[in-house]
Amino acid sequence: MYRLCVRDHFMIAHSFKGEIFGPAQRTHGATYVVDVVFQRPELDQDGLVIDIGLASETVKEVLANYNFQNLDDVSEFKGRNTTTEFMANVIFDQLAAAIKAGKMGTTAQGLTHMEIKLHESHVAWASYEGAL
């Protein structure tokens with residue numbers, strides 16, 4: 001399996017509901033470093049996994065929807081705990097839709113899997129991986 005990773009980041013604020021979250025029930029911030037790993041079993045005719053420029057641009061566009069936002073105020077997340085795990089899945093779904101819509105070019109049509117890894121600190125991360 002071939003893999004290519006692009007990296008970006010975004011900054012958010014949010015709070016959680018539930019005793020398990022302790023002090024994180026209060027509004028707090030996070031700066032996520034985001035790794036998006038694109039995977040395919042064979043390289044395309046140009047020897048690529050994906051066009052790195054289009055992939056980077058599309059990732060930046062998706063993350064811009066949440067950058068400098070308080071996720072508690074984002075209507076699509078009302079009533080949800082926007083955990084790192086949850087946000088990895090949200091980003092996966094949006095990038096998968098962009099691939100399907102052709103936003104990452106024809107090379108992206110050969111992708112079979114993608115992983116979204118959100119680093120919430122230098123010691124902790126969560127990810128979501130799935131088939132495309």
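Which residue in β3 does I12 stand opposite? That one is Q69. Okay, hi everyone, let me walk you through where that pair sits.

Quick housekeeping. This is a predicted model, where local features need pLDDT of at least 70 and side-chain atom pairs count only at pLDDT 80 or more, while totals for chains, interfaces and linings use all residues. Residues are numbered from 1 along each chain as its sequence is written, and side-chain values use heavy atoms, with hydrogens and water left out.

So, the sheet. Helices (H or I, at least four residues) and strands (E, at least two) are DSSP runs, numbered from the N terminus. Two strands pair if DSSP finds at least two bridges between them. Here 5 strands make an open sheet, ordered β3-β1-β2-β4-β5, with mixed pairing. β3 (69–70) and β5 (125–131) are at the edges with a single partner strand each, so one side of each has no neighbour in the sheet. If you're new to this, strands of a sheet pair through backbone hydrogen bonds, either parallel or antiparallel.

Back to our opening pair: β1 (residues 2–14) runs parallel to β3, and 2 bridges join them. As for burial (buried is under 20% relative accessible area, exposed over 50%, partly exposed in between, with a 1.4 Å probe and protein chains only), 5 of the 7 residues of β4 are buried.

Now the helices. Helix α1 (residues 52–64) lies across β1 and β2 (28–40), at about 20 degrees to β1. Helix α2 (residues 84–100) packs on the sheet too, touching β1, β2, β4 (113–119) and β5, and its direction makes about 140 degrees with that of β4. Touching means contact, heavy atoms within 4.5 Å. For the angles, axes are lines fitted to C-alpha atoms, for helices over the stretch in contact, and angles run from 0 to 180 degrees between N-to-C directions.

Buried residues of α2 include F86, M87, I91, F92 and L95. What covers the buried residues of α2 includes β1, β2, α1, β4 and β5. After α2 comes G102, with a positive phi near 85 degrees.

Next, which strand gives the most to the lining of the largest pocket? β2 does, with 4 residues. Among the lining residues are H14, F16, H28, Y32, T84 and E120. A pocket, on a 1 Å grid over the protein atoms alone, is an open set of points where a 1.4 Å probe fits, with protein on both sides within 12 Å along at least five of seven lines; lining residues have an atom within 4 Å of a point.

Last stop, Q25, in the loop between β1 and β2. Q25 is partly exposed, at 31% relative accessible area. Leaving out residues up to four places away in sequence, Q25 touches S15, F16, G18 and E19. That's my tour, thanks!
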